[in-house]
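Subject: Two-chain model, handed over with notes

Hi,

Here is the model you asked about. Please load it first, then read the notes below.

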Amino acid sequence: MATEAISVRSLSKLYSTRDGGVTALERISFAVEEGEFVAVVGPSGCGKSTLLKILAGLLAPSAGDAYLRGTAIVGPRRDIGVVFQAPVLFPWRTVLDNVLLPIDVQGLGRDRYLTVALDLLALVGLREFERRYPWELSGGMQQRVAITRALIHDPAMLLMDEPFGALDAMTREHMNLELQRIWLGKKKTVFFITHSIPEAVFLADRVLVMTPRPGRIVDDLRIKLPRTRALDLMTTPEFGEYTRHIRGLFNVKGGLDA
Amino acid sequence: MRNTRNVVLSVLLFCASIGFWEGVVRLFEIPAFILPPPSQVALALWRGFSSGLYPEHLYHTLLETMLGFIAGSALGLVLGTAVALSRPIEFFLYPYIVMFQSLPKVALAPLIVVWFGLGLTSKVINAALIAFFPLLVNTMVGLRSADEERVNLMRSLAASERQIFWMLRLPNALPFVMAGLDVAMIFALIGAIVAEFVGAQKGLGMLIQSMNFNMDVSGQFSILLILSVVGLILNRGVMMIRKRVLFWDPSEKERIERERIGA
């Protein structure tokens, strides 16, 4: 593979405020290979959401370059799928219509994508729910609809911004397993943002560790744990080694608000 | 079981209060031009309907109300959309709108009648003028209230502003628009009646005026009764549409739930 899925070179982002400016990102550089699952972990305010918004084309950087699959990011593009922290479903659309939203927006023709949508809903375990409305689903089910929506137009890459942050711990673990299963089946590049260290280690091939003020990447950690990973893995010494190492980085940098 | 008991109780309560009213008027010999007994009101109602007098005037008032409601809401919807979507339009138009809104619109009725005559036109315009504002304001607020995250989602899909409007902002504004229609319906009725007070040849408002000159108080009561029933039916009509359109709205679901419990 000649080109990387994501390539970021000395990217900076400044927000101007009334009393000067805030540096959300300072000279960030990294690359993500095609098919790789990369997690970014950091405390709130470390600029990780800003980074994702830049990659999604929703925000322009102040300096530096960002490329997706070899082309510079100049705005939102259609070969990526984005999942936000909230499911962001439209209450007036059924589950199926919510999943088909990107198809409607991009004018791709519903007929051709109907079976794709139903297959994807089956993949996330929502096959009987396609005629329901979002309010009839639990939080975890809603987020699965959001993931299905991000996958419907077969994007090369998924950008996920703390997608399970609003879920309870049990549902969250279950969703982690689901996401791993979907990723192993689809082999798409996933760029996953989280503030949970175990979640990052459990899911990712690589973990980028970010600290705030200014937002910087302080470590790039390869997670050499075998797939398919089960929840039991979290209790193993190897797993503990990774999480302890990352937590240590935050303590040294004073990244966590005590 | 409980439900039938409640119905029986409320019917009993209604009969008791009517009986009380009748009894008090007869006992203290209150003159009919101050407070007529319910029996006389019922008689006036019966006479008015059987002679064909009330249906004719009712038809005119309803026609004025509906036309005013449709014209006023349509205009409010269009102008509200324009103000919400265009900064220049907002900048130049909004000060006048605010100024005009703080004015009690019923005070314009005499002018409207002078300008547009005693016929249907002046009533429709007056009704439309009053019905217009709730729609304008609610449409504006509704279109601007789209959730930032939802807008971001649409943007991330590379949606155009036009698509964001049709797929997100407009459906999102519907609860506000429906609430505006709810108010506008009753406002249109008020506008029509007030314009009829000022000067008209037909309509229930004009009938109230002429009965007032003739000291026909039981007649006036009978028309007030008709008007409240009309207001109730119009309001129910809007609510039925609302329930259909807004089946997905959380506040609407709450309302349906409440009605199901019978609270």
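M215(B) sits in the loop between helix 9 (204–213) and helix 10 (217–245) of chain B. Helices here are DSSP runs of H or I with at least four residues, strands are runs of E with at least two, and both are numbered from the N terminus. Before going on, note that this is a predicted model: local features need pLDDT of at least 70, side-chain atom pairs count only at pLDDT 80 or more, and totals for chains, interfaces and linings use all residues. Residues are numbered from 1 along each chain as its sequence is written, while chains are lettered from A and ligands numbered from 1 in the order in which they are written.

Back to M215(B). Its phi is near 55°, a positive value in a residue other than glycine. M215(B) is exposed, with 12 other C-beta atoms within 10 Å. The burial rule counts other C-beta atoms within 10 Å of a residue's own, with C-beta atoms placed from the backbone: 20 or more is buried, 12 or fewer is exposed, and in between is partly exposed.

E29(B) is another such case, not a glycine but with a positive phi of about 50°. It belongs to the loop between helix 1 (2–27) and helix 2 (38–50) of chain B. E29(B) is exposed, with 6 other C-beta atoms within 10 Å.

Chain A has a cis peptide bond between R227(A) and T228(A), with omega about -10°. T228(A) is in the loop between strand 10 (216–222) and helix 8 (237–253) of chain A. As background, most residues other than glycine have a negative phi, and most peptide bonds are trans.

**Where the chains meet**

14 residues of chain B are in contact with 16 residues of chain A. Contact means C-beta atoms, placed from the backbone, within 7 Å. On the chain B side, helix 7 and helix 8 are the elements that give two or more residues. Helix 7 of chain B gives the most, with 6 residues. By class, this side of chain B has 8 nonpolar, 3 polar and 3 charged residues. Nonpolar covers Ala, Val, Leu, Ile, Met, Phe, Trp, Tyr, Cys and Pro; charged covers Asp, Glu, Lys and Arg; the others, Gly among them, are polar.

Which residues of helix 7 (residues 148–156) of chain B are buried? They are L153(B), M154(B) and S156(B). These cover an arc of only 165° around the axis, which puts them on the same side of helix 7 of chain B. The arc is that of the directions from the helix axis to the C-beta atoms. The buried residues of helix 7 of chain B pack against strand 6 (80–83) of chain A together with helix 8 (161–198) of chain B.

Just after helix 7 of chain B, A158(B) takes a positive phi of about 60°. A158(B) lies in the loop between helix 7 and helix 8 of chain B. A158(B) is partly exposed, with 17 other C-beta atoms within 10 Å. Not counting residues up to four places away in sequence, A158(B) touches P76(A), R77(A) and R78(A).

**The chains one by one**

Chain B has 11 helices and 0 strands. Its radius of gyration is 23 Å, whereas a compact globule of 263 residues would have one near 18 Å. That radius is taken over C-alpha atoms, and the globule rule is 2.2 Å times the number of residues to the power 0.38. The C-alpha trace of chain B spans about 75 × 60 × 30 Å along its principal axes. Buried residues make up 33% of the 263 residues in chain B.

Chain A has 8 helices and 10 strands. Its radius of gyration is 18 Å, close to the 18 Å that the globule rule gives for 258 residues, so chain A is as compact as a globular protein of that length. Of the 258 residues of chain A, 40% count as buried.

The domain assignment, automatic or from a database, gives chain A domain 1 (6–79 + 156–253) and domain 2 (89–154). Their centres, taken over C-alpha atoms, are 25 Å apart.

Best wishes

Key: Two residues are in contact if their C-beta atoms, placed from the backbone, lie within 7 Å.
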